[in-house]
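Colleague: Let's go through this model together. I'll ask, you answer, and keep it short.

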Amino acid sequence: MADKPIPLFSRVVIALNGGSCDNRIVRIVVEAARPTKSEVVAIHVVEIDWTLPLDASVAERSESAQRVLDSAEAAAEHLHGKLEPVLVQARDVGAAIVDEAVEREADLLVVGLPYRKKFGGDFAIGRTVPYVLKNAPCAVWVVREPMPAEVHA
Amino acid sequence: MIGGRRPLQGRKIGDRRVRVDRPHSPYFRYTGLDTLSAKESTLAPTSATGRAIERTRRLLFGRRLSSDEEALERLPKKLALPIFSSDAISSSAYAPDEILIALFAGGVVALQFSVEMALAISLMLAVVSTSYRQVCRAYPAGGGAYTVARENLGQVFGLIAAGALMIDYVMTVAVSTASAVAQAYSVWPALYDVRVEVGILSIVIITLGNLRGLRESGNIFALPTYAFLGLALLLIGLGLVRAVTGQLPSAPVPAQVPVPGTEAVTLFLLLRAFAGGSVALTGVEAIANGVPAFKPPESKNAANTLTMMAILLGILFVGFMFLADVMGLRPAVEGGGPTAIAQLGSAIFGDGTPLFVALQIATALILFLAVNTSFNAFPRLAAILAGDGYMPRQFAFRGDRLAFSYGIVILAGIAALLLVVFQGDTHLLIPLYSVGVFVCFTLSQVGMVRHWISGRDSGWWWRSAVNAVGAVLTLTVLIVVASVKFAGGAWLVLVLIPLLVLMFWFIHRQYATSARELALRPDQVIAPPHRAERVVVPISGLSRSVVQAVNVGRTISSDIRAVLVIDDHELATRVREDWARQVPGVALVVVESPYRALTGPFLAYLDVLDQAWTPDREAPITFVVIPEYVPRHWWERILYNQSTNQLRRALLGRPNTVITNVPYRREEPTVFERRGQLDGHEPPGERRS
C-alpha cells in the first residue's frame, strides 16, 4: 500500500501582485497542495495612498485588481486545484499580507520576487519581501522570476 | 461588512486593512478589459424541478465541460491507424458477403469470379488511396470532400459533396450497426429475432456516449481494431497454410443458404457483384479528413498511415475472398444465417472455439468503432455547414460536454429509423451506401485535379494525373453502382442528394437575406435617438402589477396612457374612479368592446394613435408596457397571462413598436405594503387574464 503523502503545509497564503511571478506561484503551490488537499488562499493587496480614506471604493472598482485574482483562480482550476481569492486594501502591502496569514493561521506564505531587466538586470527586492521575511509567523517561500538566461536556456 | 468592505485591525496599531467583497466572483471571472467570463454557477437551476433535471442530466451525460477543456490530441501513427481506419477496415466484414450474394444469383459457377472481383476492387482501392495521399499533402488542415469540392469546384459541388457525405455517415451508422449485430447472431442465433432492437439499443448507447463527449482517442479505441486485425490476419494465415498443405476443409453449408440462382453469368451480373463489393472502399477518406490530428509532420504521417491502411484492407479483403473461393463458401442470406467471415472463422478456427468467438466479438467491436467515426464526423460536418450558413445555427452549438448535440441526435434518429425500415438487414441497406461514398470520392478527386492545375506547384502535372486517374475510375464506379443498384435503393440517394442541396441552399438564402437586412454599413456612425417616445399600458383593471407597469412606463416617457379594453360598462366606470384617485397624472383610455375581443380593439387603438401623429414629424416609438403576473408554480402558468401572450404575439412585427414586459412576482408585495398604498384596503377587483 502506498504511503499517504505528508503535507508540506495545511493552509498556504500566496501573495499576488499582478506580475509575471503570479502564474508561477499559483502553479507551484497548487501542484504542491493538490495531493494533500491543502487549503490555498490567494491574496491581492491594493495599496491605498494617504490622500484617500482606507475604505475608499478603489479595489472593487478596479478591474485589474479583480483580474489578478480571477486569473489565479482560473490557473488553479486549470490544474484541477482550488484557491480562495481575497482582495484587500491597505496602506502597506507587506503588513496586510502578514496580517492575513496570521488571521488565517497559515503555515506557509509564498511571495514572488520579480526580476527587473533595466540597468543590467537585478532582483527588485523592494520593501514587501523583506517585511514578510521578518514578520511572517510561518515559513516563507520566495519564488523568484527566472532570469533571462534561464528563460532562453 | 459595510458596503461590501470589512475593516480589519492588524497586529500592529497602524496596520489596518479592508477586506473587499467580490460580488461578481461566484458567477463571473474577469478575463480582459470589460470582459467577463461566466462560470458554471450561472447555469445552476433555481427551482426544485430544475435541480432534479440537472441531477438526472449529470448522471446521464456527466458534468459540464468548459470550452477551455477541449484539447486536440495529436496521435502517433500506431494510434491513428486503428482510430481512423476502423471504418475502412471494418467494411471488409460485410463487403465479401455482398460479392458472394450478387454472384450467387448466377449459381455456383459465378462464384468462381469472386477472387477476380476482390482483385479488381483492391486495384480500385490502390488508386483511391494513392489519390487521397495527395489530399493529405494538399490539405494539412483536413481535406474533407466538402472542403476540397467547395474550394476548387465551387459552392454547388461543395454542397453536393456535403449532402453525399451526410448520407454516407448516416449509412455508415446503419450498415455497421446491422453488420455488427449480424456478426453477433452468427455466434448466438437467438439474437436474430431481436436484431432491430439490439441495433437500436447499441445506437442509443453510442449516442449517449457521444453526448457525454466520447472521443476517438486512446488505447480503448485502438484495442478492438488491433484485435480484429490480429485475428483476421491469423485466420487468413492459418487458412493459407492449410490450403497449401491440403488440409483446408470445405465450408459447411448453413441451412440459411438459398437455392443457387439460375441467372446467366453476364457482364451485368459481374458489374452488380463489383458494385456490391465496392462498399469495401467506404471510410478510406477518413484519414484525409483528420490530418490535423496526426503528430508532425502531419501530412506525411497521415499519407503513410493511409497507405498502411489500404495495404491491410487489401490483404484482408483478398484473403477472405480467396479462402471463400477455395473453401466453396455459400452466402447464407436467409433467416439470420452466418456472415461470410463467421463461416470462415467457424471452419478454420473451429465452431464455438474461443478463437472463433473472439473473432466475432472483435468484428462486432470494430464495426461499432466505425459507427463512432460517423458520430464524430457527421456532427462536425453539420457544424461546419452551420458555420457557413447552410444548416440551422443550432448545429454549430456545442452542448455541455463540448459535443455537437443536435448533430449527434439527428444522426442517431435517422440511422435508427433506417434500421427499423430495413429490418436491420445489411444487404438491403448496402445499395443506399455506395452511391454517396462514390459521389464524394469523385468530387474530391476532380477538385484535386483543379487544385493542382490552378496552383502549378512542383510536380503538379503528375499529381494532377494521379488524381485524374482516380477521378475517372471513381466516376466509372459511381455510374456502375448507381445503375446496377438503382432499383435496389440507389435511386433514393440520387433523389436525396439534390433535395439536401436544395435545403442547404434555401437555408443559406434565408440567412443571407436576414444578414443583409441586419447589417450596418462600416462607415455608419450611430447617433443617439431623437425620435419621440410614448408609452401605452394595456390594462385589465387596477392592481399592483398594473401600478408597477405604469411606474416603469413613466421612467420611459412622460407621454403615457393606460388603455382598458372592456365589455363591462359598470366595471369600467369603477376602474376609472379608482384610477383617478390612485394613479393621478396618468391618462386612462377606456375602449369599450361590445364584441368582447381584447386584442383587435387594442391594436386598432394603436393605429389610431399613429394616424393622429403630426405628419411632418417622424413617427414616434410606441412602448407597449405589458403588466405580467408571474405565477409561483409551473402549473399556474395555465391559469394566467393567456391574453397577455396573445397580445404579445399580435404586437410582434408591428412597426415602430417596442414590447416591454413588466413581471410582477407574488412573493414581492412588501414594496406596496411598506409604502402603505394599499394599507387597510382590499385590493381592487381585477380580471386576471
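Colleague: How many bridges join S3(B) to strand S4 of chain B, and in what sense do they run?

Modeller: A word on the ground rules: this is a predicted model, where local features need pLDDT of at least 70, side-chain atom pairs count only at pLDDT 80 or more, and totals for chains, interfaces and linings use all residues. Residues are numbered from 1 along each chain as its sequence is written, chains are lettered from A and ligands numbered from 1 in the order in which they are written, and side-chain values use heavy atoms, with hydrogens and water left out. Strands (E, at least two residues) and helices (H or I, at least four) are DSSP runs, numbered from the N terminus; two strands pair if DSSP finds at least two bridges between them. S4 covers residues 35-38 of chain B, and S3(B) is joined to S4 antiparallel, by four bridges.

Colleague: Which residue takes a positive phi in the hairpin of S3(B) and S4(B)?

Modeller: The bridge partner of B:Gly32 in S4(B) is B:Thr35. The hairpin has two residues between the strands. The one with phi near 55° is B:Asp34.

Colleague: How much area is buried between chain B and chain A?

Modeller: Take contact first, meaning heavy atoms within 4.5 Å. 22 residues of chain B touch 31 residues of chain A. Buried area is the accessible area (1.4 Å probe) that two parts lose on being put together, summed over both. Carbon and sulfur atoms give 44% of the total, which is about 2400 Å².

Colleague: Which residues of chain B lose the most area to chain A?

Modeller: Three arginines lead on that side. Together they make up 28% of what chain B buries. They are B:Arg11, B:Arg17 and B:Arg22.

Colleague: Which strand gives the largest share of the side of chain B that touches chain A?

Modeller: Strands S1 (5-9), S2 (16-20) and S3 (28-32) of chain B each supply at least two residues of that side. The largest share is five residues. It comes from S2(B).

Colleague: What is the order of strands in the sheet of seven strands?

Modeller: Strand S3 (residues 84-90) of chain A and S2(B) pair antiparallel over four bridges, with A:Leu87 partnered by B:Val20. Strand S2 (residues 39-47) of chain A and S3(A) pair parallel over seven bridges. The open sheet has mixed pairing, in the order S7(A)-S4(A)-S1(A)-S2(A)-S3(A)-S2(B)-S1(B).

Colleague: Why is one side of S7 of chain A and of S1 of chain B left without a neighbour in the sheet?

Modeller: The twist averages 30° from one strand to the next. Strand S7 (139-144) of chain A and S1 of chain B stand at the edges, so one side of each has no neighbour: each has a single partner strand.

Colleague: Which helix packs on the sheet, touching strands of both chain A and chain B?

Modeller: Angles run from 0 to 180 degrees between N-to-C directions, on axes fitted to C-alpha atoms, for helices over the stretch in contact. The direction of this helix makes about 150° with that of S2(A). Among the strands touched are S1 (11-16) of chain A and S2 of chain B. The helix is H3 (residues 93-103) of chain A.

Colleague: Which strands are the edge strands in the sheet of five strands in chain B?

Modeller: The order is S7-S6-S5-S8-S9, all open and parallel. Inside it, S5 (residues 533-539) and S8 (residues 621-630) pair over four bridges. Pairing on one side only are S7 (587-592) and S9 (657-665).

Colleague: How far apart in sequence are the parts tied together by A:Arg127 and A:Glu47?

Modeller: The two form a salt bridge, closest N and O atoms 3.5 Å apart. A:Arg127 lies in the loop between strand S6 (122-123) and helix H4 (128-135) of chain A, and A:Glu47 in strand S2, so the pair ties together parts separated by 80 residues.

Colleague: Which residues does a cis peptide bond join?

Modeller: Most peptide bonds are trans. Here omega is about -5°. B:Pro297 is in the loop between helices H11 (286-289) and H12 (298-327) of chain B. The bond joins B:Pro296 and B:Pro297.

Notes
Salt bridge = Lys/Arg side-chain N within 4 Å of Asp/Glu carboxyl O.
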